[in-house]
Amino acid sequence: MSMTPRQRLLSWLGGEPVDRMPVWLLFPYAPTSYYVDVRTHPLYRPVFEASKGRAVMLNRRSLPVPLFTPEVVIIQESSSEGGVAVTRQRYRYGGHELVEETRTRSDGTVRKPLLCSDDDLRILLSFPIERDEAVLRRHLEEALVRYEVERAEFPLDYGAMMLDMGEPIGFLYQHSDLEMYAIWSLTQDAAVRSFLDAAMERLRVVYDFALERKLAEVYFLVGSELASPPLVSRSTFQRWIVPYARELIERIHAHGAFAIQHYHGQIGQILPDFLTMGADALHTIEEPPVGDCAIEAAFEVVGDRLGLIGCIQYDCFRSMSTAEMRAAVQDQMRRLEGRRFMLSPSAGPYEENPGERVIANYLAFLDAVCS
């Protein structure tokens, strides 16, 4: 009997038999800032229509709450300086200030991260992270109003609600000079972990709020790629990522929900650590030359303990003919028949003007799996 996308998704995540290999195109049902809204964009609309009943849809959402207490004042500024558009974000607390700056002109953009020195890291560590459960729950209740509207609008047979709630490493990675970030993994490990521990206290409240209310069937964890080789060592990955992700995944499982971890890049060295963290699935395995791990080799490590999601590179949607796309999909399906594998692109639809070839290849991708 043919399964609905929801049945196929939840059975696959639970390690149970499915009627055929699932396929996921990554875009959610509701609009996001990082992908084109495929439901309303005229060029992508045929892809959305073709996906219904064929691809699983994970309606990825979040519940935004502040990281810092109100004593940390955040100021947004925009100006024009000598024909250069300048935006600044200032963080002020306790007589100290951290500044992030972006300067944009016709020949490009230059960004100065918030955290560029040991002194900047020291100042960040003085900022109080919001850990008051009553305050956090009040913010979450406010965010829940919009979330419940989006959940009610989502056709359940398409798949499942998926919450992306963050991991402790997120703010540090996103606001750091990456050369300094790598150096800190050698020189400031204790300081970084003190920040991660404080951020984790906040996240326990955030996750528990969602899990207690059964707001989503699936949780998406994106932090693992933010502190991994070759940027930092495997031992740093095991200190900055593994224990925090493992605890969050244990909380997710304790409430009967599923966890998918996201990772782009060189995964071969650290793949066994994903078994330690214990998620239900991992997106994405990128094969050479982009990544360093063939999917068959990945299955030799994880067996059936972890569902793998991968991976036709997004650039292939731009470069391949539709015949080549169908052949690439059929090759992956043939190689991985009988394995706990879900087919997906490496990235979601982020281009406002994708071109006819990209759209045609999305349709060919679906046809190859579902015909």
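# A tour by selection

Select serine 51 to start: serine 51 is part of helix α2, residues 45-51. Helices are DSSP runs of H or I with at least four residues, strands are runs of E with at least two, and both are numbered from the N terminus. The model is predicted, so local features need pLDDT of at least 70 and side-chain atom pairs count only at pLDDT 80 or more, while totals for chains, interfaces and linings use all residues. Residues are numbered from 1 along each chain as its sequence is written, and side-chain values use heavy atoms, with hydrogens and water left out.

Serine 51 has a relative accessible area of 2% and is buried. Buried stands for under 20% relative accessible area, exposed for over 50%, and partly exposed for what lies in between, with a 1.4 Å probe and protein chains only. Now show what surrounds serine 51: leaving out residues up to four places away in sequence, the residues touched are Leu25, Phe27, Met57 and Leu366. Contact here means heavy atoms within 4.5 Å.

**Helix α3**

Next, select residues 118-126, helix α3, where Asp120, Leu121, Ile123 and Leu124 are the buried residues. They cover an arc of only 160° around the axis, which places them on the same side of α3. The arc is taken from the directions between the helix axis and the C-beta atoms.

**Helix α9**

Move to residues 242-254. Helix α9 has 13 residues and should span 18 Å at 1.5 Å a residue; its end C-alpha atoms are 18 Å apart, which agrees. The expected span is 1.5 Å times one less than the number of residues. Colour Val242, Tyr244, Ala245, Leu248, Ile249 and Ile252, which are the buried residues of α9. Their arc around the axis is only 165°, which puts them on the same side of α9. An α-helix has 3.6 residues a turn, so residues three or four places apart point the same way. The packing partners of these buried residues are α7 (189-212), β7 (218-221), α8 (234-240), β8 (258-262) and α10 (271-277). After α9 comes glycine 256, with a positive phi near 80°.

**Salt bridges**

Over the model, 36 salt bridges are counted. The criterion is a side-chain nitrogen of Lys or Arg within 4 Å of a carboxyl oxygen of Asp or Glu.

Select arginine 88 and glutamate 101, which form a salt bridge with the closest N and O atoms 2.7 Å apart. Arginine 88 is in strand β3 (residues 84-93) and glutamate 101 in strand β4, so the pair ties together parts 13 residues apart in sequence. Arginine 88 is buried at 17%, and glutamate 101 is buried at 16%.

Then take arginine 111 and glutamate 100, a salt bridge whose closest N and O atoms are 3.0 Å apart. Strand β5 (residues 108-112) holds arginine 111 and strand β4 holds glutamate 100, so this pair ties together parts eleven residues apart in sequence. Arginine 111 is partly exposed at 42%, whereas glutamate 100 is buried at 11%.

Arginine 335 and aspartate 331 also meet in a salt bridge, at 3.5 Å from N to O. The two are four residues apart in helix α13 (residues 322-335), a separation of about one helical turn.

Finally, select Glu133, Arg137, Glu141, Glu212 and Arg213, which salt bridges link in a network.

**Rings**

The whole structure holds 20 aromatic pairs. Rings of Phe, Tyr and Trp (its six-membered ring) pair if their centres lie within 6.5 Å; planes under 30 degrees apart are stacked, over 60 edge-to-face, and the rest tilted. Select tyrosine 173 and tyrosine 181: the centres are 5.5 Å apart and the planes at 80°, so the pair is edge-to-face. Tyrosine 173 is partly exposed at 24%, while tyrosine 181 is buried at 0%.

The last stop is Phe68, Tyr91, Tyr93, Phe127 and Phe171, which form one aromatic cluster.
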